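Q: I would like to learn how to read salt bridges in a model. Could you walk me through them, please?

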Amino acid sequence: MHLSYTQVVKRPALLHRLTGLNVKEFEVLQESFSAQYDQQVIQPRLSAPSRKRAAGGGQKGALKDPADKLLFILVYTRIYPLLIVQGMFFGMAESKACKWVGLLLPVLDATLGEIHMRPKRAKGRSLEEIIEEFPELKELGILTDGTERPIRRPKDAVQQKEHYSGKKKRHTNKHVTITHPKTQRILAVSEEAPGTKHDKKIMDEAQLSCTTNLAMRADSGFQGLSIGSAEIIIPFKRKRKKKGEPKDELTEQQKEANTLLSKARISIEHSNAGFKRNRSLTDTLRNTRQGMSDSLAMVAMGLHNLRVSMRASYQC
């Protein structure tokens with residue numbers, strides 16, 4: 001049996017397991033996806049100077065309906081199967097599956113951008129822009145954290161060193177996210193960076209600005225970070241006065257402050273887990289096309305934001 005939306009939609013639990021979305025979320029995405037596919041794929045073909053066939057002519061693809069195309073790319077990003085397995089799911093050869101992934105992933109990315117679910121890039125932004133869109137953040141503050149995804153060990157020695165993460169003990173790519181502390185929505189994300197780059201350095205390169213006294217809660221990886229008038233809150237660490245001496249114990253007030261910070265920051269850990277439902281981020285990257293790692297990450301974050309915006313459980 002080959003997967004098709006008309007069959008899968010009759011089993012909502014199966015649709016959710018395959019795509020990470022329920023029927024309502026899928027339908028919201030489908031309308032814009034169909035328009036984006038027509039704009040990015042169909043219209044350029046019809047307006048090509050060398051085209052000889054009329055519209056509708058030529059070989060018919062295995063994915064005839066827009067819903068089937070959307071199901072195809074959502075299944076790929078959610079489960080991240082081998083392309084030969086993806087082809088078996090939808091009744092096509094491995095080479096065709098590869099072609100469809102390359103064709104549909106940018107369409108899905110653009111769709112999430114059009115419906116304002118894909119997080120904006122953090123580079124050069126002002127935190128006031130985020131507060132303007134979400135006024136409650138002036139009181140709640142924001143959260144930030146780094147997140148890594150595994151990649152294959154590069155063959156080049158320089159690349160090996162650049163991508164090796166001492167934290168994960170493997171080669172990775174990294175993003176730093178800014179998240180809503182209540183809804184877990186990803187508000188902004190950095191450019192993709194190699195795993196060895198420090199979280200603080202990534203944020204420094206993003207060149208964020210802030211003229212408001214906004215609380216930004218982070219972990220100790222952001223020690224020394226400064227963003228305008230924003231108040232960077234990081235945990236207290238035990239220190240030693242002299243080399244070789246034992247570290248001083250934290251005071252009860254410092255321990256309590258660390259506990260409160262951990263409770264506040266658990267929301268961004270849940271957010272990271274939310275977009276990592278897509279195995280295209282948790283499994284080792286197999287795609288070799290330039291930019292595929294970043295595209296898969298942005299799509300996963302956009303789908304997470306779609307779930308966050310439509311499910312009542314996130315609005316409590």
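This is a predicted model: local features need pLDDT of at least 70, side-chain atom pairs count only at pLDDT 80 or more; totals for chains, interfaces and linings use all residues.

Q: Is Asp109 buried or exposed?
A: Asp109 is buried, at a relative accessible area of 17%, because the cut-off for buried is under 20%.

Q: Which residue forms a salt bridge with Asp294?
A: That is Arg121, and the closest N and O atoms of the two are 2.3 Å apart. Asp294 sits in helix α13 (residues 292-310) and Arg121 in strand β1 (residues 120-121), so this pair ties together parts that are 173 residues apart in sequence. For accessibility, Asp294 is buried at 15%, while Arg121 counts as partly exposed at 24%.

Q: What does Glu129 pair with?
A: Glu129 and Arg125 meet through their side chains in a salt bridge, 3.3 Å from N to O. Here Arg125 counts as buried, with 8% relative accessibility, and Glu129 is partly exposed, with 39%.

Q: Which residues are linked in a network of salt bridges?
A: Good one to look for! Asp145, Asp219, Arg265 and Glu269 are joined in such a network.

Q: How many salt bridges does a search of the whole structure find?
A: The search finds 13 salt bridges, among them the Arg118 and Asp109 pair we began with.

Note on methods: Residues are numbered from 1 along each chain as its sequence is written. Side-chain values use heavy atoms; hydrogens and water are left out. A salt bridge is a side-chain nitrogen of Lys or Arg within 4 Å of a carboxyl oxygen of Asp or Glu. Buried means under 20% relative accessible area, exposed over 50%, partly exposed in between (1.4 Å probe, protein chains only). Helices (H or I, at least four residues) and strands (E, at least two) are DSSP runs, numbered from the N terminus.
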